[in-house]
Amino acid sequence: MSDDEAAVPGNKPIRLPKKAAKVKNKAPAPLQITAEQLLREAKERELELIPPAPKTKITDPDELKEYQRKKRKEFEDGIRKNRMQLANWIKYGKWEESIGEVQRARSVFERALDVDHRSISIWLQYAEMEMRCKQINHARNVFDRAITIMPRAMQFWLKYSYMEEVIENIPGARQIFERWIEWEPPEQAWQTYINFELRYKEIDRARSVYQRFLHVHGTNVQNWIKYAKFEERNGYIGNSRAAYERAMEYFGEEDINETVLVAFALFEERQKEHERARAIFKYGLDNLPSSRTEEIFKHYTQHEKKFGERVGIEDVIISKRKTQYEKMVDENGYNYDAWFDYLRLLENEETDREEVEDVYERAIANVPPHSHFQEKRYWRRYIYLWINYALYEELVAKDYERARQVYKACLDIIPHKIFTFAKVWILFAHFEIRQLDLNAARKILGVAIGKCPKDKLFRAYIDLELQLREFDRCRKLYEKFLESSPESSQTWIKFAELESLLGDTDRARAVFTIAVQQPALDMPELLWKAYIDFEIASEEHEKARDLYETLLQRTNHIKVWISMAEFEQTIENFEGARKVYEKANQSLENAEKEERLMLLEAWKECEVKSGDEEALKRVETMMPKKVKKRRQIQTEDGVDAGWEEYFDYIFPQDQSAKGSFKLLEAAARWKRQKEEAARAAQEGLDAPVPEREEEQEEQEERVREGDSDTDMSSSSSSSSSDSESSSSSDSDSDNDKE
């Protein structure tokens with residue numbers, strides 16, 4: 001546009017809208033306002049409240065008609081806006097009813113039904129309007145139309161029958177119920193019909209309805225129980241029992257329900273038919289799985305406690321325990337303790353053999369899993385299932401061939417290359433002996449020793465041959481046994497004892513001689529003791545003495561010395577015993593003080609028995625003195641933890657050796673001082689005054705020993721003697737200087 005055109009009057013310049021400025025800060029405002037907050041503020045400030053319309057008082061018919069016309073226009077406008085809003089139709093019809101315009105109200109409801117004829121609320125409001133206006137036939141017409149269109153709507157039938165019952169039209173109400181049950185409605189409808197008949201004491205009609213009801217809804221157990229209780233409540237005991245029996249037939253043995261059984265048994269209990277009740281309980285326990293018998297057990301136990309005898313109560317408890325064990329082994333087949341308890345229960349109650357064997361077969365089928373297959377500790381409980389099974393077949397069932405098969409199957413399943421169970425082999429062999437088949441027993445034990453040479457198997461085989469007096473076989477077995485385990489001292493002893501019992505002393509001595517020459521023995525002290533006892537029993541005292549000497553060359557144990565001295569006492573060689581004790585005392589000078597004290601006490605007892613008073617006094621002078629001392633204790637970390645008291649033994653022998661050693665030290669010190677004095681005299685110097693080094697050395701020696709306190713008498717006497725000796729030594733040294 002040019003400037004001229006813009007200047008022409010009448011032509012206004014066109015204002016273009018300004019371009020909105022771009023928002024630079026797009027961050028949210030610090031104070032946010034939500035829609036909920038806006039609505040709350042509007043309500044608080046009453047911004048949306050519309051003031052109520054003013055009340056009007058109508059006094060003129062024309063004014064009333066005008067008001068009704070306006071009201072109808074409002075309803076019609078609302079309906080035109082939304083025909084499907086059924087609440088508007090219902091309000092419209094109720095308003096017409098409220099002003100007495102029944103025909104108009106009917107017209108409104110009919111128009112509403114044209115819009116939605118399947119609306120239950122419209123039909124019910126329509127019928128209730130007719131009933132409020134006492135238009136019974138119109139209400140019947142509405143209900144008939146409603147149940148024809150929607151026969152499955154329970155509200156129509158209930159309202160219809162209730163209306164007929166209220167106006168005391170009982171045949172009409174019954175007819176409505178009959179029409180209703182033709183549609184096979186839910187259980188509530190049937191129960192309503194039955195309650196209707198019972199209200200008017202129509203027992204036969206109620207029974208008929210119950211029977212038809214069970215034909216339709218017989219799958220529900222509670223319906224049968226309700227029918228039976230109905231008959232019982234009205235005094236028809238036979239019909240009640242027949243109802244329970246029909247229920248049992250209806251469900252059959254495959255689909256039998258424990259609830260029916262419990263209810264039937266309780267019914268018989270109320271009728272004092274305890275045998276019938278007991279039979280029903282047992283029938284349920286025998287035919288139902290264990291997972292569904294808890295309630296039956298509970299009521300059965302209560303019944304037996306109230307009406308049964310001791311045997312019956314025990315039967316119930318046993319049956320309950322069976323169920324519990326079955327549940328436990330089903331949950332965990334490797335729970336061998338549960339299997340043991342279960343089988344023990346069956347055997348104690350003398351259950352049928354087939355049932356016990358079946359449980360045994362189920363139990364032994366639970367072999368330890370592959371992850372634990374090579375660990376013996378997981379087999380220890382399992383293997384006793386086989387043992388108990390075999391013993392049951394032998395001792396209870398008397399089926400010896402089956403017991404033999406059980407033993408063989410057990411031995412086949414054990415991994416003998418990894419480990420074995422000697423108990424199974426031995427039991428199998430003893431079983432064959434009881435069957436008088438000695439060769440089979442020997443063959444079993446021979447195979448066992450060949451596959452897995454265990455000490456227990458050798459001993460069992462040897463005991464068997466000993467009982468049979470087959471001594472040559474015993475010797476061969478002992479030889480094989482010692483080849484397998486030459487370190488077993490007990491085996492050598494048993495072998496030698498066998499030869500000794502047979503009177504072959506030379507062979508027994510040879511066995512002992514070979515045994516003590518073995519480089520490694522598990523218990524050599526037992527072997528040597530047995531060898532020495534053997535020689536003593538054979539009255540070979542010199543050989544026994546030689547054995548003691550040989551043993552003392554290998555060990556310096558105090559018990560060996562005391563045993564040798566006691567041996568000399570037993571043969572009344574007290575002089576020899578005294579020599580043994582003297583040698584032992586010299587040999588054990590550096591041993592523990594307790595061992596030395598034990599030796600001296602044994603020596604003293606020996607001298608008391610011998611009656612030599614001089615020897616006894618000599619031993620008593622060698623007895624130690626018991627003193628109490630203190631020493632410092634330390635923890636594992638080297639931290640001082642205080643002082644503790646302990647008892648120590650001071651032997652006169654040690655004290656004399658210590659005194660002679662101190663005397664030698666003092667002589668050397670005196671000689672050294674004398675040489676120094678002579679050297680000083682030659683040089684013209686004064687001789688050095690000798691220090692009292694002896695006391696200092698003794699103190700240092702006590703500190704080194706760690707003893708802070710000793711017996712008071714011994715310490716005081718030692719200190720006085722030391723002072724006297726030091727003073728005498730000083731005087732002697734002074735005299736020498738002069």
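**Figure 1. Ile58 in the loop between helices H2 and H3.** In this predicted model, Ile58 sits in the loop that runs between helix H2 (35–44) and helix H3 (61–81). Ile58 counts as partly exposed, because its relative accessibility is 31%. Together with Leu64 and Tyr67, Ile58 forms a nonpolar patch on the surface. The accessible area of Ile58, Leu64 and Tyr67 together is about 230 Å².

**Figure 2. The salt bridge between Glu164 and Arg140.** The closest N and O atoms of Glu164 and Arg140 are 2.7 Å apart. Glu164 is buried, with a relative accessible area of 2%. Arg140 is partly exposed, at 23% relative accessibility. Helix H7 (residues 136–149) also has the highest mean pLDDT among the elements of the chain, 94.

**Figure 3. Asp341 and Arg344, a pair within helix H18.** The side chains of Asp341 and Arg344 meet in a salt bridge, 2.9 Å from N to O. Both residues lie in helix H18 (residues 336–348); they are three residues apart, so about one helical turn separates them. Asp341 is partly exposed, with 29% relative accessibility. Arg344 is partly exposed too, with a relative accessible area of 45%.

Figure 4. Glu361 forms a salt bridge with Arg402. Their closest N and O atoms are 3.4 Å apart. Glu361 is in helix H19 (residues 353–364) and Arg402 in helix H21 (residues 400–413), so this pair ties together parts that are 41 residues apart in sequence. Glu361 counts as partly exposed at 37% relative accessibility, and Arg402 counts as partly exposed at 25%. Salt bridges with shared partners join Arg353, Glu357, Glu361, Glu393, Asp399 and Arg402 into one network.

Figure 5. Ala263 is found in helix H14 (residues 258–270). Ala263 is buried, with a relative accessible area of 12%. Leaving aside neighbours within four places in sequence, Ala263 is in contact with Ile225 and Tyr244. Ala263 and Ile225 are 38 residues apart in sequence. Their C-alpha atoms are 7.1 Å apart in space.

Figure 6. Arg473 lies in helix H25 (residues 471–484). At 37% relative accessibility, Arg473 is partly exposed. Not counting residues up to four places away in sequence, Arg473 touches Arg442, Tyr461 and Glu465. Tyr461 is twelve residues from Arg473 along the chain. The C-alpha atoms of Arg473 and Tyr461 are separated by 9.6 Å.

**Figure 7. The annotated stretch at residues 564–601.** An unreviewed UniProt entry places a "coiled-coil region" at residues 564–601. In the model, these residues are 79% helix and 0% strand. The end C-alpha atoms of the stretch are 15 Å apart.

Figure 8. The chain averages a pLDDT of 79, and 86% of the residues score at least 70. Over residues 1–10, pLDDT stays under 50. The model has three contacts beyond four places in sequence for these residues. Over residues 685–738, pLDDT also stays under 50, and the model has 49 such contacts, beyond four places in sequence. Helix H36 (residues 712–737) has the lowest mean pLDDT among the elements of the chain, 38. Where pLDDT is low, the predicted coordinates should not be read in detail.

Definitions and conventions
Residues numbered from 1 in each chain as written. Predicted model: local features only at pLDDT ≥ 70, side-chain atom pairs only at ≥ 80, totals over all residues. Heavy atoms only, no water. Patch = residues over 30% accessible without salt bridge, like charges linked within 9 Å, V, L, I, M, F, W, Y side chains within 5 Å. Areas by Shrake-Rupley, 256 points an atom, 1.4 Å probe, with all protein chains shown as cover. Salt bridge = Lys/Arg side-chain N within 4 Å of Asp/Glu carboxyl O. Helix = DSSP H or I, 4+ residues; strand = E, 2+ residues; numbered from the N terminus. Buried < 20%, exposed > 50% of the residue type's maximum accessible area, 1.4 Å probe, protein only. pLDDT = per-residue confidence, 0-100. Contact = heavy atoms within 4.5 Å. UniProt positions renumbered as here; feature names shortened; annotations may be inferred.
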